[in-house]
Amino acid sequence: MSYENLKVEVEGGIATVTIDRPKALNALNPETITELGEAFAALRDSGEVRVAILTGGGEKAFVAGADISAMAGYTVEEARHFATLGQKVFDSLAEMPFPVIAAVNGFALGGGCELALACDLVYASTNAKLGQPEVNLGVIPGFGGTQRLARRVGIARAKELILTGNVIKADAARSMGLVLEVFEPGALLPKVKEIAKTIAAKGPLAVAQAKRAIDQGQDVGLPSANALEVHAFAQLFGSEDQKEGMAAFLEKRDAKFQGR
């Protein structure tokens, strides 16, 4: 797969997608967002990927935000189209059948923070800075930030970050649950790849069903959420992976999952 603004590598069932516009601090213009959607759709359709890692090219930024030079002259309808594009692509990332892990290696501001929020797991380097500073520009988050941030860190913290426009360091982001763990810059990708390898070794159908049950259960009442879990649990007993996993356990050997 070849893209103008992305690098995509797949090895051992783990995809690494790097947003590669370092001179623009990996800012998200419409072309880059469109490529992200295309790249993840291709990874999903390949059937080869069990985990994806999303990071930024260069040493300064994960994604510094949406491309303000591209947005500055937008009309209301152009802004609506841009936000709709971003939400569509970010929603597609969140709905991937495999986990997506954000390795936040620098600035993750505005659209960059929203992109991290669309991922299942978020890890950061010590030099990362995160925030939703859109109010400083007279606008608000448009790629799902007002909703995903509140679901991730709680309404009060989300309001504090969004209404003040404050940018926070990685340790503060970890303390509020926006980031799971913080690593030294040189250790970030190796540590994230270790986590990805651990997940990739598990039953991919089970991982997909667990992710789906957790995500879908957040927006319904507990009885309905538990019903989703029962359905997902039962469905897995029709898979070859379930038979292999339990046979391997009883035979005291490592399971060899095939995703079937």
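Reader: What makes Ile68, Leu137 and Val139 a patch on the surface?

Author: Patches consist of residues with over 30% relative accessible area and no salt bridge, where like charges are joined within 9 Å and nonpolar side chains (Val, Leu, Ile, Met, Phe, Trp, Tyr) within 5 Å. A salt bridge is a side-chain nitrogen of Lys or Arg within 4 Å of a carboxyl oxygen of Asp or Glu. Ile68, Leu137 and Val139 form a nonpolar patch with about 270 Å² of accessible area together; such areas come from the Shrake-Rupley method with a 1.4 Å probe, and for residues only the protein chains shown count as cover. The model is predicted: local features need pLDDT of at least 70, side-chain atom pairs count only at pLDDT 80 or more, and totals for chains, interfaces and linings use all residues. Residues are numbered from 1 along each chain as its sequence is written, and side-chain values use heavy atoms, with hydrogens and water left out.

Reader: Why is valine 139 called partly exposed?

Author: Buried means under 20% relative accessible area, exposed over 50%, and partly exposed in between (1.4 Å probe, protein chains only). Valine 139 has a relative accessible area of 42%, so the term is partly exposed. Its place is the loop between β8 (129-131) and α5 (145-153); helices (H or I, at least four residues) and strands (E, at least two) are DSSP runs, numbered from the N terminus.

Reader: Which term applies to leucine 25, and which to asparagine 26, buried or partly exposed?

Author: Leucine 25 has 30% relative accessibility and therefore counts as partly exposed. Asparagine 26 has a relative accessible area of 0%, so it is buried. Leucine 25 lies in the loop between β2 and α1, and asparagine 26 is found in the loop between β2 and α1. Leucine 25 has a positive phi of about 55 degrees although it is not a glycine; for asparagine 26, also not a glycine, the positive phi is about 60 degrees.

Reader: What makes asparagine 5 buried?

Author: Its relative accessible area is 8%, and therefore asparagine 5 is buried. Asparagine 5 belongs to the segment before β1. Leaving aside neighbours within four places in sequence, its contacts (heavy atoms within 4.5 Å) include Thr18, Asp20, Arg21 and Glu35.

Reader: How do you know that β3 and β5 pair?

Author: Two strands pair if DSSP finds at least two bridges between them. Strand β3 (residues 51-56) and strand β5 (residues 100-104) run parallel and are joined by 4 bridges, so they pair. Alanine 52 has valine 100 in β5 as its bridge partner. Parallel β7 (residues 121-125) is likewise joined to β5 by 4 bridges, and isoleucine 101 stands opposite leucine 121 in β7.

Reader: Why does one side of β1 and of β10 lack a neighbour in the sheet?

Author: The open sheet has 6 strands in the order β1-β2-β3-β5-β7-β10, with mixed pairing. β1 (6-11) and β10 (181-183) stand at the edges with a single partner strand each, so one side of each is left without a neighbour.

Reader: What makes β5 mostly covered?

Author: Of its 5 residues, 5 are buried. Val100, Ala102 and Val104 point one way from β5, and Ile101 and Ala103 the other way. In a regular strand the side chains alternate between the two faces of the sheet.
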